[in-house]
Amino acid sequence: MTATEHPPTYKYIGTRPIRHDGLEKVTGKARFAADLDMTGQLRGAMIRSPYAHARIVSIDTSDAEAMPGVKAVVTGADFPAIDINEQIHDEAINIIARDEVLYNGHVVAAVAATTAAEARAAAAAVKVQYEDLPTILSIDDAIAEGAPIANPTNRTLFTGDTEPSNLASVGQFDRGDVEAGFAEADVVVEREFRTKPVHQGYIEPHACVADCGQDGKATIWASSQGHFMVRARTAAVLGWGTERIKVIPAEIGGGFGGKTTIYLEPIAVRLSQKASRPVKIVMTREEVLRATGPAPGAKMWAKIGATKDGELTTLEADLYYSNGSFKGYAALTGAMSIASYKFPNLMLKATGTIDNMPKSAAYRAPSAPQAAFAIETLVDEIADELGMDPIELRLKNAVTEGDPTAMGAPHPKIGFVETLEAIKNSDHYRSPVPEGAGRGVATGFWFNIGEQSSATVNLNEDGTATVITGSPDIGGSRASMALMAAEELGLDVHHITPIVADTGSVGFTDITEGSRATFATGMAVVNACRNLKKQLVQRAATMRGIDVDQVAWVGGAAVIEGVPSEGQDPVSLAEITAAAKMTGGPLTATASLNAAGAGPSFAVHLADVKVDEETGQVTILRYTAAQDAGTAIHPSYVEGQMQGGSVQGIGWALNEEYVFDEHGEMQNAGFLDYRMPVASDLPMIDTIIVEVPNPSHPYGVRGVGETGIVPPIPTLANAIADATGVRMTTLPMSPPNLLKALNER
Amino acid sequence: MATVHLQADHSRFTDGVRELEVDGATVGAIIDELEQRFPGLGPLLTEGASVALDGELLPRGSIYESVGPDAEVHFLAPIAGG
């Protein structure tokens, strides 16, 4: 369902063609990195630390090197020393430890052998001697007075501090007068909230193949959200120039932010270099969960004041986010994501902490779901206390264009009010709450980003086209690129072949992150097509022997204007490409940009739940998600993003959590014990696409990939509160946790 | 002159000043001018901040972006995505 501000007049945009890579995906023919096999290929295996924090005393690889089939072994000593001030430092040390291991699962060495079984056996034969060090496993431990240092190379970001610290980053955002704001409030609510680290849960484990040649150059086939990123960071870790590395993007089986970093590639290249053979490394699921980036856990206190007529006067919050073993600015982002309401008085303190858990990584609207859990719960509680409809309260306080974000910068054109109204007017909201159930609503915001993209569009000699970009397709972006090119050129979308090209075959393109691909790379495609249209009308003018000013590109053909009609029929694209060698040669255009003006996106979710008060089990009866997409280029994939984000947020809310023992060893490193939702756990996620076009994109696109994960946690928390009267403030709201809260009622 | 808005964390370099008028034709020139006036602030704004110009979030590294005489420049904490 689409709620549209301006009815579209497009021919292709807004249609739902079958995605160009769909057949290969559903028939199993698509080639993921783990599917690739090279002649003479070796298999790699990692040796990982069983300690959460320890000094590496010695590594003895001699027995492993003597084992059958073993062709190469590497340790941290095989990689260049990196100063702590270098940008690549943390990622390099995370890939392979040097002096200390910083979490359970940290790589200390790797082997390459003829078979995977031989590699695993050799890995088990590497002898590592450790000296156990004090371990930090929680935010509370990290900030405790006199706490041991979790990572001696950490310096608090942006402070200029030179001493090791357990603080990753600190920040504050404020405006107005918080004390005065609370003084004028008639209702004040405050609570403390806690969330655990959760994983992105992509189906495809990290995998790569690296082949280092005699010329010292390497080719890498990798699963990532950005192969130019893989090239740059692998080169930096190895101390190479980027000209020595070509990265070929394999298909990607989910990333959600977790593949915006690298773990394997420098090790695979170094093993390949030592063995003079290609090396493939594929993580197990256990390795993925133990050693790749979870979203941060958080500890948050928040307090909101409102007048009796529902005007939110004040927000004060103190947010702590765990970054895992390496620094980041998760807490700052969490604070900045609180952007939905016009609080005139605001004070947000944000602190990121360092501990001995895996390095956290981005996860769909990074840090926003945790903060939304706190803020949207309290906003709902205010509505409860005032007896106001929760959507009316939000509409009364919703930001619109020009209102300040937490950081003070004004919102550009946004569709928050329209999205709230879409839910308010939905069949779901107008339907009565089922007997015995509870209903919850919550909102979410995400910035979205632009950044650098490149595209090349080639017109083929038969009038078809190839669209070449450098953005890995993680959510249907091939189809979106083809649709925008089809709209520009007036060419049937099925006559356009979208390709994701390797680092040697297309211009630099930033990571597919921040919901930027359809926005920024799409804009590069549009610009390349507009360049091509100029060429097409010039070629048509040459063919007709008239001035180019008399030709316009209309509906996929060069239309001759201002001349007698006889003999001046439109010149089709196919006619022009067929004649290209007589009018100047092949028709091709390239565009690149660094895109500004990524329009923020808002989402509003609505859920009905039933709670089994004997078991604490939550059953979702009905779920509706509305989101502002700007313009939905391919509505099916916009809906898919909304549904995917909703389901991941539902898992985060109800079941998912990292469980560590007191030594920092993850106790649920597999999908049997790390419980993600499956289809049978869920109702159909109904979607309402709201379209408030982003004026900074030629077709009005806003990113849609991330915002959908922000509202589900508070939506379900609010629904549970409506059903049971219990406000959950700790995640997950799993049967044991919910049952405990119900019993303490 | 552009109106520059700083975050609370930046104001340790500016003796608490959060909003000020700065002369500069580009984002980079404004950062240079701020560094001249408040030594140590420049690197923080270059490496540790996203920039919104008249409410529009600029891509990272946009130091050559033109800034109009009546522009509003907000230096924000870094923004990325997942």
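Which residues does A:Leu716 touch, not counting residues up to four places away in sequence? They are A:Ala607, A:Val609, A:Ile620, A:Tyr623, A:Ile650, A:Ala653, A:Leu654 and A:Met733, where contact means heavy atoms within 4.5 Å. Keep in mind that this is a predicted model, in which local features need pLDDT of at least 70 and side-chain atom pairs count only at pLDDT 80 or more, while totals for chains, interfaces and linings use all residues. Residues are numbered from 1 along each chain as its sequence is written, and side-chain values use heavy atoms, with hydrogens and water left out.

**Cores**
- A:Leu716 and A:Ile304 have the most contacts inside the largest nonpolar core, which has 110 residues; such a core is a set of buried (under 20% relative accessible area, 1.4 Å probe, protein chains only) Ala, Val, Leu, Ile, Met, Phe, Trp, Tyr and Cys residues joined through side-chain atoms within 4.5 Å.
- Helix α11 (residues 368–386) of chain A gives this core its largest share, 11 residues; helices here are DSSP runs (H or I) of at least four residues, numbered from the N terminus.
- There's also a second, separate core of 48 residues, with A:Phe519, A:Ala520, A:Cys529 and A:Val701 among them.

**Where chain B meets chain A**
- On chain B, 24 residues are in contact with 36 residues of chain A.
- About 2300 Å² is buried between the two chains, with 57% coming from carbon and sulfur atoms; that's the accessible area (1.4 Å probe) lost on putting the two parts together, summed over both.
- You'll find 3 salt bridges between the chains, meaning a side-chain nitrogen of Lys or Arg within 4 Å of a carboxyl oxygen of Asp or Glu.
- B:Arg60 and A:Glu513 pair up in a salt bridge through their side chains (3.3 Å, N to O).

Definitions and conventions
Chains are lettered from A and ligands numbered from 1 in the order in which they are written. Buried means under 20% relative accessible area, exposed over 50%, partly exposed in between (1.4 Å probe, protein chains only). Helices (H or I, at least four residues) and strands (E, at least two) are DSSP runs, numbered from the N terminus.
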